[in-house]
Amino acid sequence: MSASTDRRRFLQLASGFGLAAGTGALAPAVAAPSAIAPTAHDALVVIDVQKCFVPGGSLAVTDGDAVVPVINALAKKFDNVVLTQDWHTADHMSFASSHAGRKPFETIDVYYGKQVLWPDHCVQGTEGAEFAPGLDIPHAIVVVRKGMRPKVDSYSAFYDADGRTATGLGAYLKARGIRRLYFAGLATDFCVAWSAIDARRDGFQAAVVDDACRGIDLNGSLAKAWADMTKKGVKKVVSSDFA
Ligand code: VGL
Ligand code: ZN
């Protein structure tokens, strides 16, 4: 690159970031330089925005319904939106009711590590497993259901909790040329975090849209989830970062 091309290029960049070339004065910036403008290579993955996880549901996340308008607005900025549904059998191993003498929010040891026992939630075909009221994303391209195998949980949209069985979402997104994923939904510290971390495992860029999520925060799980995500290269963004 010649010196003059170099200088032209610098001036183009400088003006793009609100610098008035030549004058030394600062021109008003039209858009924040960091604004994220989703392309065909990006997807929004909306995790488990279901009746059971919003107030009134059996595993209600505090303020969980507040994500609905934020996600609706965000989804309009994406051509590619994926929805997930937690979709358990009635006798699922992640339910405290499936273990004699156990109560919700206790933890047990299973073959793939620790498993939190939850109140019954998101049973296949029940009202609680439906999308939360007001979720309005008619252009969603795929709905991924997870947690159908009775003996293994699946917080992640990509792999069951034993890390072995893929849902097929990773292969689908790759086949569609999608490389960068933004995550929203419920709950930040369980299904959102596990999904974002598994997205990194599958080679995607991954970011969580923090104000489009709410957490359960069980014994410090929210801070731990963020530490784990950061370590794996998952970024934190907010909905106002989008163009
Ligand atoms: C979830 C607990 C149990 C979630 C699902 O969607 O975060 N949490 N099942
Ligand atoms: Zn579940």
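Predicted model: local features only at pLDDT ≥ 70, side-chain atom pairs only at ≥ 80, totals over all residues.
Local features need pLDDT of at least 70 and side-chain atom pairs count only at pLDDT 80 or more, while totals for chains, interfaces and linings use all residues; side-chain values use heavy atoms, with hydrogens and water left out. Residues are numbered from 1 along each chain as its sequence is written, and chains are lettered from A and ligands numbered from 1 in the order in which they are written.

The protein chain contains five helices and eight strands. Helices (H or I, at least four residues) and strands (E, at least two) are DSSP runs, numbered from the N terminus. Read from the N terminus, the order of elements is α-β-α-β-β-β-β-α-β-α-β-α-β. The chain has 243 residues, and 44% of them count as buried. Buried means under 20% relative accessible area, exposed over 50%, and partly exposed in between (1.4 Å probe, protein chains only).

Side chains of opposite charge can pair when their charged atoms come close. Across the whole structure, eleven salt bridges were found. A salt bridge is a side-chain nitrogen of Lys or Arg within 4 Å of a carboxyl oxygen of Asp or Glu. One of them joins aspartate 48 to lysine 146, at 2.9 Å from N to O. This pair links distant parts of the chain, 98 residues apart. Aspartate 48 sits in the loop between β1 (42–47) and α2 (67–75), and lysine 146 in strand β5 (residues 142–146). Aspartate 48 counts as buried because its relative accessibility is 0%. Lysine 146 is also buried, with a relative accessible area of 1%.

Lysine 146 has a salt bridge to aspartate 86 as well, at 3.0 Å from N to O. Aspartate 86 lies in strand β2 (residues 81–86) and lysine 146 in strand β5, so the pair ties together parts that are 60 residues apart in sequence. Both residues of this pair, lysine 146 and aspartate 86, are buried.

A further salt bridge connects aspartate 210 and lysine 236, with N to O at 4.0 Å. Here strand β7 (residues 205–214) supplies aspartate 210 and strand β8 (residues 235–237) supplies lysine 236, 26 residues apart. Aspartate 210 is partly exposed, with a relative accessible area of 26%. Salt bridges that share partners join Asp48, Asp86 and Lys146 into one network.

Aspartate 86 also belongs to the site of the zinc ion (ligand 2). Donors are N, O and S atoms within 2.8 Å of the metal (3.2 Å for Na, K and Ca); water is not among the atoms, so sites may look incomplete. Along the chain, the donors follow the spacing D-x1-H-x32-H. Histidine 88 lies in the loop between β2 and β3 (107–110) and histidine 121 in the loop between β4 (113–116) and β5, so the pair ties together parts that are 33 residues apart in sequence. Histidine 88 and histidine 121 are both buried.

In the side chain of aspartate 86, an N or O atom is 3.0 Å from a nitrogen atom of ligand 1. A polar side-chain atom of histidine 121 lies 3.1 Å from a nitrogen atom of the ligand. From the backbone of alanine 187, a polar atom is 3.0 Å from an oxygen atom of ligand 1. Cysteine 191 counts as buried, at 5% relative accessibility. Cysteine 213 is buried too, with a relative accessible area of 3%. The structure holds zero disulfides (a disulfide is a pair of cysteine sulfur atoms within 2.5 Å).

Histidine 92 is placed in the loop between β2 and β3. At 0% relative accessibility, histidine 92 counts as buried. Its side chain reaches the backbone oxygen of glycine 147 at 3.4 Å. Aspartate 79, in the loop between α2 and β2, counts as exposed at 61% relative accessibility. Aspartate 79 and alanine 40 are 39 residues apart in sequence, and 6.7 Å apart in space from C-alpha to C-alpha.

Note on methods. Polar contact = N/O pair within 3.5 Å; in protein donor to acceptor, adjacent residues only side chain to side chain.
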